[in-house]
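Here are my notes on this model, point by point. Have the structure open while you read.

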Amino acid sequence: QPEEETDQAESEDDEQLEVDAGEQDEGGGESEGAGSSESDEDDLDLVEAQGQPTELQACASRMYHVEFIFTDPSEDDAPYIRALLHNGTLVKASNSDAAGLAKLVADQVAIGTLIKVCCPARCWTTIVMLPIGSWLETSLTNFDYLTRSHSTAVPRQADGELFGFLSAISLQRHARNPSVMPLLSLLSERVSCPEVTVKLKSLLLSGSAPVGLVLSERMVNTPISLVPHAVESLSLDIDWAKKHEEDEAERLSFNFGHLLILAQVQLGSGALDAGEAAGTSVEQGGGAADRAGLGRGMTKGRKKAKVACKSDVLARVTFSRVEEEILAEEAEAVSLINGALPGGDRLMVMILKPDALASAVPAIKAVMCD
């Protein structure tokens with residue numbers, strides 16, 4: 001019996017030794033894993049300390065080759081146009097219906113250009129996650145400007161991937177449209193300069209030639225080198241539509257005598273006195289009445305003063321968009337709109353001839369494409 005008890009005790013001791021050994025192995029494994037984690041963290045700290053780019057930083061600085069296409073509007077694009085208009089300054093300033101304006105732009109195929117990105121879905125996801133600075137540095141080696149023939153359909157490869165649009169609608173043709181009426185009220189009631197108010201009412205009520213309102217919105221990270229081509233495309237569209245649009249009423253409505261652009265500007269600190277801040281305008285060359293021979297009483301000195309005043313005012317405001325600053329130099333008249341935008345910016349109305357678009361394209365390209 002004592003021998004059996006001794007054997008049993010030795011067996012229990014052996015089992016206890018095996019358990020202790022197992023616990024030691026597990027503890028060693030845990031220690032080894034903790035050491036590995038600490039080692040990885042040390043390596044990451046060392047990489048950052050040495051200034052080497054992390055994987056995320058390397059991804060953000062990578063160059064992407066993106067192809068953009070210009071397409072005609074389609075009714076399928078209305079929701080995306082509406083989103084851009086809803087976030088834009090024009091709808092906020094006039095309380096216009098973004099959905100109604102988007103429908104006008106989307107249904108008007110003859111005049112209007114949409115800027116879209118054409119790339120695989122995975123690239124689209126990567127692009128929108130990039131910082132704006134990196135996106136603006138993207139190499140646009142695959143950009144193809146499509147000179148469109150209106151008799152040939154352009155393949156629609158990127159529905160929904162809308163970066164911006166540029167269009168012009170006839171204010172007379174759509175005067176009773178609920179989404180356009182607030183814009184007409186803005187132009188007739190909130191233009192600061194009385195002279196420009198009179199000119200606008202004359203243009204809109206005379207019926208001699210339609211007046212087009214340029215509508216333009218784009219994402220903040222749209223490559224600026226695309227903008228001159230969009231302006232040129234709008235000019236070509238207008239020239240084509242007034243000659244070849246099949247519907248006679250619509251064709252006549254595209255024969256614009258003047259175009260209006262509502263541009264967002266910032267007033268420089270201490271730049272404008274009280275009268276100018278309320279709204280300043282100037283008609284280049286003395287205005288329509290003088291060109292018609294009805295203003296012969298105006299002295300040459302007064303004409304020069306008006307032109308000088310226009311240049312002075314434009315020099316003391318900052319435009320949010322470069323192309324609008326260049327187009328303002330081509331304008332017959334400019335005036336601030338009463339009422340500040342969110343953030344304190346203002347709208348400025350510009351009255352210009354349709355030919356001014358084509359005339360300004362070389363200067364816009366020189367600034368935005370180089």
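1. Where does N95 lie? N95 sits in the loop between α4 and α5, with helices (H or I, at least four residues) and strands (E, at least two) taken as DSSP runs and numbered from the N terminus. Phi of N95 is near 60 degrees, a positive value in a residue other than glycine. N95 counts as exposed, at 66% relative accessibility; here buried means under 20% relative accessible area, exposed over 50%, and partly exposed in between (1.4 Å probe, protein chains only).

2. A word on provenance. This is a predicted model, so local features need pLDDT of at least 70 and side-chain atom pairs count only at pLDDT 80 or more, while totals for chains, interfaces and linings use all residues. Residues are numbered from 1 along each chain as its sequence is written, and side-chain values use heavy atoms, with hydrogens and water left out.

3. On to the pocket. The largest pocket holds about 750 Å³ of space. The search runs on a 1 Å grid over the protein atoms alone: a pocket is an open set of points, where a 1.4 Å probe fits, with protein on both sides within 12 Å along at least five of seven lines, and lining residues have an atom within 4 Å of a point. Grid points are joined across faces, edges and corners, and the volume is the space filled by probe spheres set on the points. Of the 36 residues in the lining, S216, E217, R218, R321 and E323 are the closest to the centre of the pocket.

4. β4 supplies the largest share of the lining, five residues. By residue type, the lining divides into 23 nonpolar, eight polar and five charged; Ala, Val, Leu, Ile, Met, Phe, Trp, Tyr, Cys and Pro count as nonpolar, Asp, Glu, Lys and Arg as charged, and the others, Gly among them, as polar.

5. Salt bridges next. Side chains of opposite charge can pair when their charged atoms come close. The structure holds eight salt bridges, each a side-chain nitrogen of Lys or Arg within 4 Å of a carboxyl oxygen of Asp or Glu. One of them joins E323 and R218 (2.9 Å, N to O), and this pair links distant parts of the chain, with E323 in helix α15 and R218 in strand β4, 105 residues apart. E323 counts as buried at 4% relative accessibility, whereas R218 is partly exposed at 22%. Salt bridges that share partners also join E217, R321 and E324 into one network.

6. Compare two other bridges. K199 and E332 meet at 3.7 Å, N to O; K199 lies in helix α9 (residues 194-206) and E332 in the loop between α15 and β8 (333-336), so the pair ties together parts that are 133 residues apart in sequence. Both K199 and E332 are buried. D107 and K103 meet at 2.7 Å, N to O, and they are separated by about one helical turn because they are four residues apart in helix α5 (residues 98-107). Here D107 is partly exposed, with a relative accessible area of 40%, and K103 is exposed at 52%.

7. Which aromatics pair up? The structure holds two aromatic pairs. The F68 and F163 rings have their centres 5.6 Å apart and their planes at 80 degrees, so this pair is edge-to-face. (Rings of Phe, Tyr and Trp, its six-membered ring, pair if their centres lie within 6.5 Å; planes under 30 degrees apart count as stacked, over 60 as edge-to-face and the rest as tilted.) F68 is in strand β1 (residues 67-71) and F163 in strand β3, 95 residues apart, and both F68 and F163 are buried. F254 and F256 are also buried.

8. Last, cysteines. A search of the whole structure finds zero disulfides, a disulfide being a pair of cysteine sulfur atoms within 2.5 Å. C193 is buried, at 9% relative accessible area, whereas C369 is partly exposed, at 33%.
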